[in-house]
Amino acid sequence: MSASNATATGINHSERITLVRFVGLYSFLALMILILGSTIYFKLQKDLMLQTKRLELEEYSKELIDGLKLLHIYFDRYRTYPRNPMYRSAIYDADHIQIFSTLKYPEGVQLEKVIYTTDGVIQYVHVLDSYYLGAKYTVVEIDDDGKWFARTWRSILIYGGLFLTVFLAAGVMLVHLFLAPMRNAIHLLDRFIKDTTHELNTPVSAILSNIEMIDTEKVDPKTAKKIKRIEIGARTISTIYQDLTYLALNHKIASMNHEVDLSRLIKERIDYFKILGESKKISFETDIQNGVKLYIDENKIARLVDNLLSNAIKYNRRGGKIVIRLAPGELLVKDTGIGMSEEQIEEVFKRYKRFDSGAGGFGIGLNIVAMIAKEYDLQIEISSKKGHGSEVFVKWRV
Amino acid sequence: MARLIVTVLLTIVTLLASDANVYERNCVKCHKNLSLPLEKFFFDYLLKYSSERRVKQALENYLRHPRKKASLSTEEVLLRYGLMPKSTLSNKDLEKAIDIYWERNKVFGKIE
């Protein structure tokens with residue numbers, strides 16, 4: 001699982017995905033309605049045009065039949081087919097065999113229909129009662145000027161476009177309407193966290209600085225143990241405070257990038273978290289190469305490391321082990337904890353996502369990691385097996 | 001060789017003539033004597049039956065089983081001449097005679 005593909009920006013990203021999906025589905029349905037409406041409209045316009053032309057064609061057909069009648073009677077004297085420059089025509093026998101034709105497109109003739117368009121012409125079929133010259137069908141043809149076609153398409157494009165625009169605008173409004181309650185809930189939670197964060201800073205700093213001032217060697221072992229517990233609790237709150245501060249403020253502040261000595265920083269962070277690990281009897285195995293450097297905001301890389309270490313402790317089993325390895329271009333944090341399934345790994349970077357509510361936290365740690373990784377183009381790879389622990393690799397170009 | 005060619009040509013001419021004779025001998029001869037032109041009947045058949053297949057079928061039916069109801073002649077003609085006698089031609093000859101009748105009178109290719 002790579003962090004670059006994961007949701008790192010929270011609500012706005014998922015809101016965008018929801019919006020795109022909804023608008024996609026909505027547009028598809030709108031388009032279907034539009035196509036259906038356009039098809040019906042097109043057919044109606046065509047029928048209207050054919051009905052108008054039919055009267056004209058019926059007149060031509062009558063004229064042709066009169067001519068055929070005369071030709072049938074006087075066939076022994078003259079054999080000239082009745083013609084008129086206003087139309088072209090053809091006659092067919094009862095077996096649909098063409099007797100004579102002046103049609104432009106005789107191959108398009110459909111004797112089972114009455115009036116239709118084909119290849120730019122309009123053809124009208126009339127069935128005779130008396131088969132003059134053996135003709136059961138007369139076909140009269142005129143050119144289709146295509147004006148109705150252009151007019152119909154223009155109407156479809158104009159009104160269809162208008163309809164689609166209104167439909168889409170209504171769709172976007174609906175999405176905002178549906179998303180409003182969810183957005184309000186998230187904003188409320190964000191505001192609550194922000195407000196709480198402000199109130200945490202002073203007491204936590206006071207507790208930690210005062211604990212550091214106590215000389216534990218001078219107090220009795222029982223009291224020293226109690227002080228240690230207070231220190232663990234205070235450090236946990238401090239880590240949460242740092243995360244919340246980052247979420248509430250830091251990612252909106254410009255980064256102060258410089259060459260950070262990762263080897264030193266990681267050693268410091270391990271020392272800081274060792275006391276938390278001791279509470280669960282977790283041992284640390286480190287392989288940290290000296291002089292590994294990265295051009296990054298120190299506060300941000302500290303948040304990334306802290307969250308990885310904090311998670312490794314939080315989700316580790318009692319008496320477990322944490323392996324930390326640092327080499328140029330790669331940091332590994334491995335634990336022997338509860339591990340995760342494939343589906344859980346897929347969702348691990350989502351904000352407020354927790355797989356073990358008993359382990360505490362807000363589900364923001366790995367979301368922060370993903371955000372920092374995305375900002376600095378760091379590759380996060382997680383491999384995990386349920387019940388065996390997890391491995392988190394942070395990789396960067398050297 | 002020349003004798004063979006002459007023999008073959010004579011045979012073909014004889015065969016064609018005999019085919020035409022079936023129609024001439026059995027149809028034209030009688031109608032000519034009665035002054036009832038066959039061409040007029042052809043157009044009556046066309047007017048009623050339209051296609052080649054249907055015209056030929058109707059003719060064959062009528063010639064085999066002449067009935068007043070199936071006749072296209074007018075009442076006057078029927079009163080004067082009565083129904084024509086039932087054809088005694090073999091099926092093959094009757095078909096040939098009808099084919100020739102169709103070919104001589106059909107409108108296909110004659111309309112200008």
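**Surface patch and aromatic pairs**

A:Leu25 counts as exposed, because its relative accessibility is 54%, over the 50% cut-off. This is a predicted model, so keep that in mind throughout. A:Leu25 sits in helix H1 of chain A, residues 11-73. Together with A:Phe28, A:Leu29, A:Leu31, A:Met32 and A:Ile35, A:Leu25 makes a nonpolar surface patch of about 560 Å².

Now the rings. Over all chains, the count is 18 aromatic pairs. One of them joins A:Trp148 and A:Phe149. The geometry is edge-to-face, with 5.7 Å between centres and 85 degrees between planes. Buried or exposed, for A:Trp148? Buried, at 7% relative accessibility. A:Phe149 is partly exposed, at 40%.

Another pair is B:Phe42 with B:Phe43. Again edge-to-face: 5.8 Å centre to centre, planes at 75 degrees. B:Phe42 is buried at 1% relative accessibility. B:Phe43 is buried too, at 14%. Both belong to a cluster linked by ring pairs.

Two charges over rings, both in chain A. A:Arg269 lies over the face of A:Tyr272, 4.6 Å from the ring centre. A:Lys395 lies over A:Phe393, at 5.1 Å.

Last, chain B as a whole. Five helices, zero strands. The pattern reads α-α-α-α-α. Of its 112 residues, 33% count as buried. Take contacts between residues at least 6 apart in sequence: 57% join residues at least 24 apart. The accessible surface of chain B is about 7600 Å², and 60% of that belongs to carbon and sulfur atoms.

Technical notes
Residues numbered from 1 in each chain as written. Chains lettered and ligands numbered in written order. Predicted model: local features only at pLDDT ≥ 70, side-chain atom pairs only at ≥ 80, totals over all residues. Heavy atoms only, no water. Helix = DSSP H or I, 4+ residues; strand = E, 2+ residues; numbered from the N terminus. Buried < 20%, exposed > 50% of the residue type's maximum accessible area, 1.4 Å probe, protein only. Contact = heavy atoms within 4.5 Å. Areas by Shrake-Rupley, 256 points an atom, 1.4 Å probe, with all protein chains shown as cover. Patch = residues over 30% accessible without salt bridge, like charges linked within 9 Å, V, L, I, M, F, W, Y side chains within 5 Å. Salt bridge = Lys/Arg side-chain N within 4 Å of Asp/Glu carboxyl O. Phe/Tyr/Trp six-rings, centres within 6.5 Å; stacked < 30°, edge-to-face > 60°. Lys NZ or Arg CZ within 6 Å of the ring centre and 35° of its normal.
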